[in-house]
Amino acid sequence: MSDKSLVIVESPAKAKTIAAFLGKDFIVESSIGHIRDLPRRASDVPPKYKKESWARLGVDVDGDFKPLYIIDADKRDHIKHLKELLTEADRLYLATDEDREGESIAWHLLEVLQPKVPVLRMAFHEITKKAILQAIENPREIDQRLVNAQEARRILDRLYGYEVSPVLWKKVMPKLSAGRVQSVSTRMVVEREIARMRFVVARYWDVEGTFTTDGNGAGENGAGEPSQFQATLVGVDGRRVATGKDFDESGKLSRPDVFVLSEEQAQGFASALPSASFRVDAVEQKPNRRSPPPPFMTSTLQQEASRKLRFSSARTMRAAQDLYEAGHITYMRTDSSTLSDTALNAARTLIAELYGKEYLPPQPRRYANKVKNAQEAHEAIRPAGDAFRHPSEVEREVGSDQARLYELIWKRTVACQMEDSRGQSVKLTIGAQIDGQKLEFAVTGNTITFPGFLRAYVEGSDDPTQELEQRERPLPLVNEGATLAGNQFEPKGHETQPPARYTEASLVKRLEELGVGRPSTYASILSTIQQRGYVWKKGSALVPSFKAFAVVQLLEKHFGDLVDYAFTARMEDELDAIAEGQEEAVPWLKRFYFGVDAAPARAKSSRSNASGPLSVGLRTLVAERLNEIDARAINSLPLGKDDQDRDVVVRVGRYGPYLQRQDDTASIPEDLPPDEVTLEKAIELLEAPSGDRLLGTDPESGLPVYVRTGRFGAYVQLGEAGGKEKPRTGSLLKSMTPATMTLEDALKMLSLPRVVGEHPESHVPITAQLGRYGPYISCGKDSRSVEKEEDVFTITLEQALQVLAQPKTRGRRKAAEPLRELGKDEFSGGEITLREGRFGYYVTDGETNASLSKADSPETIDNARAQELLHNRRERGPVTKKKAKKKAAKAATAKEPKVSKASKTAEADQEDAAPSARGSAGARSERAGSATEARRPNKKLTSRRPPPAKAAKKAAKKSPARARASEQPEAESAGKKRSSGKSGKASGRPSKSPD
């Protein structure tokens, strides 16, 4: 055996960087993320376990919650490669990240590789030569407590997702998922929207005046120098003028002692004030100091990148992962705000060099964590190394996103070690008399006397008012008793504002405050709730869908503990206790799944409320509540009654939300936020022309002609539906609307396809028609697109022959003319333009195209949002067409075990979007470039020989738990199994299961 050491990390990028620091005696290889996990689909379960009652869960709940770990088929060759490398090594270093999940990956490698050589655990927080060599020299053993905590978390999230998600499929709609943190996050967004829906606007007025000093009575620095500033009316006869904070959410005044200025009064004051005399009644001056914010940890990095760079949390973590693996920053998943002595020295040296010694405090600043449930003993996120590289250096080596994020981290790290900013706050109170009434104006100014850390960095804020207050606003120096001239007075009306919707930044901040989830999973949680359709973005605001309302309503009413903020945070405490060795994983899981009574008395933790309010256990809770849930009530949101006392209700249906008033229904536009679906708006939508109306009778056939609105838009129909033959239908032109459709228009559309003539050579008819992708002409198997839809009615045989003579464009149309230019893309350098294509509006930089989301408006989209869309499109990679599956030749035998309806959606939140936030399917595989990256399951197909429906219904009625137990985990690979010819011929129809 040669004297070599094998070092295994998670990703090839990380392996490449580390290999450069080690000599020829080290082989550095990656595991490409996780090498095994719980089964994701039914076909993953080994045959010997398929008949087990717990097989669908992948966890033996009756056998001390022993997990069934499966090696991904795509990883088997790579594991074989790792074993071959291990035979050439005399020791193994496991160099995965030093957190719970990294420890878990190291343990899985140890379990699978079964090395016969010494195994050492490397730990480092940055990928620099010094850090790597120190880790080699100071190895440790795998921390089994961290492994147990991560395994308990994984199992907990699997049980939660696989037990609760099927309830959503049955009571709301298919393809939904529930998750321990995902569902709580969705609840928070929904609650904020409900608060906006309850909100009643209150209106109030004030008066803004422009004042000028005339030099008389001014301070020494302002003597003889007239200066202009603005002040606002704040008091009338000793009573404070009401502002927005004096009204509650119902629009009522919450402070009876304030003076509510009406529009009439405000205009009266504004008219009379120019003739009044003004005097400075009071001058209040006081010094102010502002300390720098602490260095970044995961959550604050996501928040600030959202505010300053307009990055989503996922985009921030992708860029941070790249920077870490390239050795530019320290580990980016951390709850710590501590800086090492090395970092403190590096920052202080930079401050002295770049800004001067006056910006350097006498002693280094040290920050203590204020995060609830803080864990992971890492350093804060900072530039790597003993000396911080300047952003201009790093910019030349990385992409645009990485460069911008590095600059943000660099500035924050340097600023946190700089002196406080110092300034002077000044408040002027100005008095006047009008018709016996004493009016009082006030203005507050701020002058920065020493910028301190502000020279390097200014922290963003989610509150625009707070951000404005922190800006420098100098006021002229005037003395008490000085006279002022009032030049212009303007009455200003205001409206109270509803609670602001969450943004990604503010939601992360709130999750952190509540102790819900972990910073390492926030990015994946935010991505998951958007991918599931629970939340969509309107600008940067997170807007819940009505589907989210139904899900939250169900969970709050029937599974309240599972979405309780305190209960969810307490579970994090208990997982921490497992990591600290104060709690045992198996008894804790038993209490959660089976209930308090199921766990032995000695195993019950001494920690307060350790078992939480879920005393009956998750399994019993789901079984008991399933039949109690009224699906119609859960999927209904009452809006009120109309003037005829008819109930108006929002309902969540299989194909989306809609409004109902007795027999009247109307769809709700996708881009209409829930707080805008008021009773008045609902009635307006219900009373709008539906488009389903009789236009007249076809003179040739005598059949009725209708214009109807279907699931995919408006169309015209000849004859009645429901007979042996389907009625003839035709689409509308883009220029047509159902409301203006006439019988003549409809007959025109029903005349398509139109025979233009006969080809002079082949004698095959040439037809003009509308297709899925627009207007075209066809001659046998040959076809060509035509430019305008109206051309299908007017094109002549001669023109058609000319079009057919042109070469095919292989499905590509002439590029659309740009509608707007949005500026340059920082990544590609290309000019971003807004265009309209056959699938709607999109932006392009000439290389990448990205469609606008339903929340984006072509009129208001800007450069920053366009760059975000393009970035997200690049991250998804090229679109690959799915290969058609071959139908199996043989029918399924009766003996073969049934593949259940359990859906992949429960898997999506096992780790609340499980290890994907940081593991194999997400960031780690993304870095790895592995074929396993975010692998999509095969589409399920139903068998031609389904099990007897009556028996299934009977079993479900007898025992919901038994019916649920019959489901297998993740049957989305059923189609793959059947296509092999072993389980029968596939029908080709999508399964009606909850997936």
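Trainee: What makes the strands E18, E19, E20 and E21 an open sheet?

Mentor: In this predicted model, four strands lie in the order E18-E19-E20-E21 with antiparallel pairing. Strand E18 (636-641) and strand E21 (664-667) each pair on one side only, and these are the edge strands. From one strand to the next, the twist averages 25°.

Trainee: How do you know that E19 and E20 pair?

Mentor: Two strands pair if DSSP finds at least two bridges between them. Strand E19 (residues 647-653) and strand E20 (residues 656-661) are joined by five bridges, so they meet that definition. The two strands run antiparallel. Val649 stands opposite Gln660 in E20.

Trainee: Which strands does helix H21 touch where it packs on the sheet?

Mentor: Helix H21 (residues 679-687) touches E18, E19, E20 and E21. Contact here means heavy atoms within 4.5 Å. The direction of H21 makes about 85° with that of E20.

Trainee: How do you describe the packing of H6 and H14?

Mentor: Two packed helices are described by the angle between their axes and the distance between the axes. For helix H6 (residues 182-198) and helix H14 (residues 504-514), the axes come within 11 Å and cross at roughly 120°. The crossing is right-handed.

Trainee: Which residues of H6 and H14 meet, and how do they divide into nonpolar, polar and charged?

Mentor: From H6, Ser185, Met188 and Val189 meet Leu507, Arg510, Leu511 and Leu514 in H14. The residues of this contact divide into five nonpolar, one polar and one charged. Arg counts as charged, so Arg510 is the charged residue of the contact. Ser185 is the polar one.

Definitions and conventions. Residues are numbered from 1 along each chain as its sequence is written. This is a predicted model: local features need pLDDT of at least 70, side-chain atom pairs count only at pLDDT 80 or more; totals for chains, interfaces and linings use all residues. Side-chain values use heavy atoms; hydrogens and water are left out. Axes are lines fitted to C-alpha atoms, for helices over the stretch in contact, and angles run from 0 to 180 degrees between N-to-C directions. A crossing is left-handed if the near helix is turned anticlockwise from the far one by less than a right angle, and right-handed if clockwise.
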